[in-house]
Amino acid sequence: LLHEEGLINVYKRHKVLSKKCRDGLVELGLKLFAVEGYASPTVTSILMPEKYPASLIREKLETEHNVFVAQGRAKLKERLLRIGHMGWVNENDIDNLLTSFKKALS
């Protein structure tokens with residue numbers, strides 16, 4: 001798949017998807033963990049507001065929307081969610097993720 005799409009195109013797609021994902025999450029009122037300029041184009045980490053434990057939102061996303069994200073580790077386990085947008089992820093996947101987040105937070 002990498003050879004078919006072309007490495008440069010894959011990098012560009014990851015950059016576009018990461019921006020779309022981060023912009024949408026910020027629009028929902030969530031705070032990005034990594035400072036802009038240091039964030040990876042392949043994963044977005046967000047700090048969940050205290051009233052939304054990461055495990056609760058992760059579980060809702062999985063069971064109610066079939067969307068899979070990862071939690072943080074150690075001290076950040078209940079505060080951080082990690083969203084991958086590399087590999088065979090497209091803009092529709094990010095749209096679905098953002099819609100699902102909005103529903104899970106309501």
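Leucine 47 has leucine 80, in strand 4, as its bridge partner. This is a predicted model, in which local features need pLDDT of at least 70 and side-chain atom pairs count only at pLDDT 80 or more, while totals for chains, interfaces and linings use all residues. Residues are numbered from 1 along each chain as its sequence is written, and side-chain values use heavy atoms, with hydrogens and water left out.

Back to the strands, which are DSSP runs of E, at least two residues, just as helices are runs of H or I of at least four, numbered from the N terminus. Strand 2 (residues 43–47) pairs with strand 4 in the antiparallel sense over five bridges; pairing takes at least two bridges found by DSSP. Strand 3 (residues 70–71) also runs antiparallel to strand 4, joined by two bridges, and glutamine 71 has leucine 81 of strand 4 as its bridge partner.

Leu81 turns up again among the residues that isoleucine 57 touches, alongside Met48, Tyr52, Phe101, Ala104 and Leu105, leaving aside residues up to four places away in sequence; touching here means heavy atoms within 4.5 Å. Met48, Ile57 and Phe101 have the most contacts inside the largest nonpolar core, which has 21 residues. Such a core is a set of buried Ala, Val, Leu, Ile, Met, Phe, Trp, Tyr and Cys residues joined through side-chain atoms within 4.5 Å, with buried meaning under 20% relative accessible area, exposed over 50% and partly exposed in between (1.4 Å probe, protein chains only). Helix 2, helix 3 (54–65), strand 4 (80–84) and helix 4 (91–105) each give two or more residues to this core, and helix 4 gives the most, with six.

As for leucine 7, this residue lies in helix 2 and counts as partly exposed because its relative accessibility is 44%.
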